[in-house]
Amino acid sequence: MACGAAREGKSDTAALELLPSAPRKMNESKPGGSQNPTCVFCRKNDDCPIKYGEKKTNEKWNLTVHYYCLLMSSGIWQRGKEEEGVYGFLIEDIRKEVTRASKLKCCICKKTGASIGCVAPRCKRSYHFPCGLQRECIFQFTGNFASFCWNHRPVQIITSNNYRDSLPCTICLEFIEPIPTYSILRSPCCKNAWFHRDCLQVQAINAGVFFFRCTICNNSDIFQEEMLRMGIHIPEKDASWELEENAYQELLQHYEHCDVRRCRCKEGRDYNVPDSKWEIKRCQCCGSRGTHLACSSLQSWEQNWECLECRGILYNSGDFQKAKKHTLPNTNVGITDCLLEESSPKLPRQSPGAQRKDLLRQGSKFRRDISTLIIELGFQIKKKTKRLFINKANIWNSALDGFRNQNFNPSYTIEIAYVNENDHFGKEQPGSKQEFLSLLMQQLENSPLFEGSLSKNLSLNSQALKENLYYEAGKMLAISLVHGGPSPGFFSKTLFNCLVYGPESTQPILDDVSDFDVAQIIIRINTAATMTDLNSLINEYYNYLELIGCLRLITSLSDKYMLAKDILVYHVIKRVQAPFESFKQGLKTLGVLEKIQTYPEAFCNIFCHKPENLSTKILSDLFTVHTLSDVQALGFWNSYLQAVEDGKSTVTMEDILIFATGCSSIPPAGFKPTPSIECLHMDFPVGNKCNNCLALPITSTYKEFQENMDFAIKNTLRLEKEENSHFIGH
């Protein structure tokens with residue numbers, strides 16, 4: 001039969017996109033004729049490549065087809081070469097197939113021309129390709145190019161559905177119900193990855209067979225096999241971004257500009273003469289700043305040099321003195337290129353653009369300190385801005401509303417505008433993004449989503465689960481890190497290890513139990529001296545042990561340790577499994593969780609430990625002087641820092657930093673912009689948190705300077721704290 005022969009004779013080459021070298025006798029419209037011809041199979045004039053494939057017209061034979069209509073027709077197969085006919089399908093074969101289809105009526109629209117039939121045994125349904133899409137038929141663009149009607153189409157079978165809440169599509173991030181349907185698909189390799197069918201199809205068209213893979217684990221083989229089975233067309237072509245001409249040309253350019261404050265070169269900042277004192281040396285960390293050797297007193301090009309911004313980041317990371325220096329590789333590529341997110345390697349072939357990127361990535365490997373890792377994550381941030389309107393008296397709800405807004409994209413640059421509910425004129429005040437993120441992390445740490453004193457674990461809050469707040473908390477934390485927020489610093493080692501290695505590989509400790517009664521049960525069982533004491537305890541707590549599923553047969557006194565361990569694992573890990581999974585999904589925002597799991601040692605310090613205490617040297621080095629300032633005032637400033645560190649002032653080092661920047665600690669990726677100092681003729685200091693600028697008063701005596709600094713900083717922070725204190729814990 002022709003139908004059977006078609007399925008047997010079609011080859012995978014039929015799925016190839018039209019090669020650029022093919023003769024240009026196929027055009028989207030016929031000159032001089034109809035400007036929007038109809039497809040000879042479906043009789044529609046729609047031109048939608050994602051839904052119907054490329055629409056082509058053969059001028060010589062006055063014949064127009066949709067690629068998918070042609071490819072899926074049951075009575076035709078590819079007998080010619082790619083450049084013959086239409087995609088290798090001969091014109092005479094196409095006409096015969098059109099004649100055959102004209103005798104078949106579509107079971108959906110009831111019109112003739114139904115060239116596609118369901119391959120299920122004894123199923124006689126025929127339909128047009130667009131009608132099949134509308135009725136949710138499945139078309140497999142692989143093997144024999146089979147088609148299945150709505151009654152016989154393949155489905156995804158999920159053994160058990162433990163998802164009570166909606167989950168985000170990992171492509172568009174819109175929430176969907178995690179139930180496999182025609183329009184909702186689940187990844188075969190990652191149980192928590194769900195997609196819209198339309199999102200998958202658009203991504204497959206753009207990525208092609210070489211880059212289309214699971215968005216979570218990067219698997220391609222298993223993922224593609226399942227997506228083909230479920231009717232996703234994966235064209236055998238290069239990714240759309242690889243086909244753009246000179247797409248990566250800018251990565252091969254030198255940065256040649258002297259950025260030091262006082263350039264000594266009379267020929268200008270762009271003057272560059274190799275092997276001389278006027279050769280431009282790039283920053284060894286970012287590659288996007290430069291200096292003439294003479295302008296920075298460098299004796300040779302081999303000497304290391306960092307720009308001011310990178311030097312501040314390295315110092316703040318705590319590894320500035322002990323960091324091993326790296327020289328630039330002997331290449332035209334800047335270090336910035338080595339810090340870009342690495343995409344997965346291609347399969348069989350590579351475009352010239354991809355080959356250039358691979359050469360770039362073979363450069364020197366930088367040490368993976370936390371500041372570098374967060375800078376890498378920050379490369380995702382686009383220049384497009386999104387303004388968040390924040391009520392400073394209710395940070396949590398304001399942030400929640402902003403992040404849940406359908407127009408919010410976590411990769412957009414965030415701008416903050418502070419508003420006041422009681423202000424009937426609707427005035428807005430520009431706000432500091434890093435101050436907002438710092439306040440938000442304080443709210444998160446003190447929220448009922450976590451339990452514990454210093455080292456916190458997730459709590460079990462049914463209302464928060466219902467409102468999907470655990471997901472939002474993970475999302476907030478991820479956004480805060482990538483956008484330059486502070487270190488969280490309040491995670492327990494157990495919670496962090498669960499995120500990195502999985503709950504099944506993590507053993508909690510007694511300190512993780514914040515419930516006093518549960519802790520007492522564990523202690524009493526662990527310290528039972530005899531079998532009689534142990535059995536007595538089991539009888540005493542029988543109902544509790546039965547409720548949490550920890551009843552076990554006790555045959556010896558040593559079994560008490562396993563019983564105590566079971567209670568501990570249940571209370572700390574199993575009890576909060578639903579909040580943990582939701583929180584984990586939120587933390588995947590902007591690829592943060594994947595980065596944490598790849599470099600756990602670097603992230604452990606900022607998640608599980610508070611930043612080191614500020615000192616005179618740290619603050620002195622942190623603030624730069626950008627304008628000509630009063631020498632005496634700067635001397636007073638250094639003396640004031642030392643007095644604060646020695647406890648001779650009513651304020652602390654953290655108070656000074658909050659007053660100037662809104663943050664109580666230095667963020668892992670440093671401040672943007674770099675904190676600065678200026679001296680002005682006024683009585684009291686002024687902190688500009690948007691610019692991280694601290695204006696110092698010019699006074700005649702140090703005593704007056706200290707009194708004015710103490711008074712302004714202490715009272716400003718007190719007023720702010722009074723406004724916000726009753727909202728802590730929302």
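Let me start at cysteine 690, which sits in the loop between β21 (686-688) and β22 (693-697). Helices (H or I, at least four residues) and strands (E, at least two) are DSSP runs, numbered from the N terminus. The UniProt annotation "active site", from an unreviewed entry, covers Cys690; UniProt positions are given in the numbering used here, feature names are shortened, and such annotations may be inferred rather than shown by experiment. Cysteine 690 counts as partly exposed, because its relative accessibility is 33%. On the terms: buried means under 20% relative accessible area, exposed over 50%, and partly exposed in between, with a 1.4 Å probe and protein chains only.

A word on the model. This is a predicted model, where local features need pLDDT of at least 70, side-chain atom pairs count only at pLDDT 80 or more, and totals for chains, interfaces and linings use all residues. Residues are numbered from 1 along each chain as its sequence is written, and side-chain values use heavy atoms, with hydrogens and water left out.

Next, the backbone. Which peptide bond is cis? The one from lysine 672 to proline 673, with omega near 0°. Proline 673 belongs to the loop between α26 (653-661) and β20 (676-680).

Then there are positive phi values in residues other than glycine. Lysine 110 has phi near 70°. Lysine 110 is in the loop between α4 (91-101) and β4 (116-117), and at a relative accessible area of 55% it is exposed. Arginine 122 has phi near 65°. The loop between β4 and β5 (126-127) holds arginine 122, which is exposed at 81% relative accessible area.

Now charge. On the surface, Arg43, Lys44, Lys51 and Lys111 form a patch of positive charge. Patch residues have over 30% relative accessible area and no salt bridge, and like charges are joined within 9 Å. A salt bridge here is a side-chain nitrogen of Lys or Arg within 4 Å of a carboxyl oxygen of Asp or Glu. Is lysine 51 exposed or partly exposed? Partly exposed, because its relative accessible area is 43%.

Last, lysine 383, in strand β14 (residues 382-391). Lysine 383 has 81% relative accessibility, so it counts as exposed.

Methods
Patch = residues over 30% accessible without salt bridge, like charges linked within 9 Å, V, L, I, M, F, W, Y side chains within 5 Å. Areas by Shrake-Rupley, 256 points an atom, 1.4 Å probe, with all protein chains shown as cover. Lys, Arg positive; Asp, Glu negative; His and termini not counted. Charge placed at Lys NZ, Arg CZ, Asp CG, Glu CD.
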